[in-house]
Amino acid sequence: MASVSPSSRLNKAVRQQYMSLPQGDKCQVTYIWIDGTGEGLRNKTRTLDKEPESIEEIPEWNFDGSSTYQAEGSNSDMYLIPVCMFRDPFTLDPNKLVLCEVLKYNRCPDFCLCRPESNHRASCNKVMEKIKEHCMWFGMEQEYSLFGTDGHPFSWPINGYPSPQGPYYCGVGANNAYGRDIVECHYKACLYAGLKICGTNAEVMPSQWEFQVGPCEGIEMGDHLWVARFLLHRVCEDFGVVATLDPKPITGNWNGAGCHTNVSTKQMREEDGLQYIEQAIEKLSKKHIEHIRVYDPRGGQDNTRRLTGLHETSSITDFSAGVANRGASIRIPRQVGQEKRGYFEDRRPAANCDPYLVTKVIACTCLLDPEEDEECK
């Protein structure tokens, strides 16, 4: 079995003795933000004199951007701007988790050393405001894999491989489901926090799992998925294991990890909405390369390993769509095909995608003119 971190072996009963102490009228607020890699999450905590009733009562803060790939040491202070607030499932009520946008010294969206821009929430929110009348709903299916701190897949044999894929998807039993305790704790933590988590299941590769967030409207999709990811990493920390969002964590005849994105507008959900779904798919077919470039943090390089046309994926080079087809770029669920209304599933986003970028580009392609709209360029 893969190794776990030493800190996870500490006596949790001792920790609970301190966690149960009263804290008076004070409130702990943990600020969460996305770092300059576009994938990593950072956090730090401060004390407020009382429990905040709204996000407006959470003060701005700052951090050292030179230590998060977001600034140079000579001008390192970055602003943390609170944007949404959740209950804290680790230190419990009245304490809060707060997702923040990052702004640089001139209060523009943050620019980092290795990427041209890492705060994609700001531009995504502008697009979502423009299409607000369409009531665009998203649901994202976050796949991830569990590894030990030594980089070995959790519960895989030390030498060799587990049995081939087949019994693991939605499986049960100690020989099929690896790490269910982590999955169930994460699920409960999300519900306690107030996130719109709507389900979970074991995936095709052993030690691979999935949780689903949604339906969320507009900018809420990215907010809730990023915080759900934070909770996943934080829960795994307690168990001493690592959750990776690598789109192809194990080479060979093993499934990769995606973040399938379900999409619908008000028109798509109404009677005869299938025609609007088909119109959206037609627009998406003409922007395949552009979407591939933003569906993983490295401009398609990660998805090159995953979107091979095998293991329930489409080819990265070709666009395709079909009813109930898990080998297509876009899947129309069978029930949607029968009822002639509902949603479509974009199966191309990688597990480590930025949900702000994914939802933004889908909204731009389906509802705006990407060539003319400044926010979509």
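Which residues make a nonpolar surface patch of about 320 Å²? The patch is formed by Val14, Tyr18 and Leu21. Patch members have over 30% relative accessible area and no salt bridge; like charges are joined within 9 Å, and nonpolar side chains (Val, Leu, Ile, Met, Phe, Trp, Tyr) within 5 Å. Tyr18 sits in helix α1, residues 12-19, where helices (H or I, at least four residues) and strands (E, at least two) are DSSP runs numbered from the N terminus. With 54% relative accessibility, Tyr18 is classed as exposed; the classes are buried under 20%, exposed over 50%, and partly exposed in between (1.4 Å probe, protein chains only).

The model is a predicted one, in which local features need pLDDT of at least 70 and side-chain atom pairs count only at pLDDT 80 or more, while totals for chains, interfaces and linings use all residues. Residues are numbered from 1 along each chain as its sequence is written, and side-chain values use heavy atoms, with hydrogens and water left out.

Rolling a probe the size of a water molecule over the atoms shows where empty space is left. On a 1 Å grid over the protein atoms alone, a cavity is a set of points where a 1.4 Å probe fits but cannot get out, whereas a pocket is an open set with protein on both sides within 12 Å along at least five of seven lines; lining residues have an atom within 4 Å of a point. Grid points are joined across faces, edges and corners, and a volume is the space filled by probe spheres set on the points.

The whole structure holds 2 cavities of 30 Å³ or more.

Among the open sites, the largest pocket has a volume of about 380 Å³. It is lined by 24 residues, and Glu143, Glu203, Glu210, His260 and Arg326 are the closest to its centre. Two or more lining residues come from each of β6 (137-147), β8 (208-217) and β10 (259-264). By class this lining has 5 nonpolar, 9 polar and 10 charged residues, with Ala, Val, Leu, Ile, Met, Phe, Trp, Tyr, Cys and Pro counted as nonpolar, Asp, Glu, Lys and Arg as charged, and the others, Gly among them, as polar. The second largest pocket has a volume of about 320 Å³, and the largest share of its lining, 5 residues, comes from α10.

Side chains of opposite charge can pair when their charged atoms come close. There are 21 salt bridges, each a side-chain nitrogen of Lys or Arg within 4 Å of a carboxyl oxygen of Asp or Glu. One of them joins Arg42 to Asp35 at 3.0 Å, N to O; Arg42 is partly exposed at 24%, whereas Asp35 is buried at 4%. In another, the closest N and O atoms of Lys266 and Glu270 are 2.8 Å apart. Glu282 pairs with Lys286 at 3.9 Å, and Lys286 is exposed at 61%. Shared partners also link Glu39, Asp246, Arg298, Asp302 and Arg305 into one network of salt bridges.

How values were computed: Areas by Shrake-Rupley, 256 points an atom, 1.4 Å probe, with all protein chains shown as cover.
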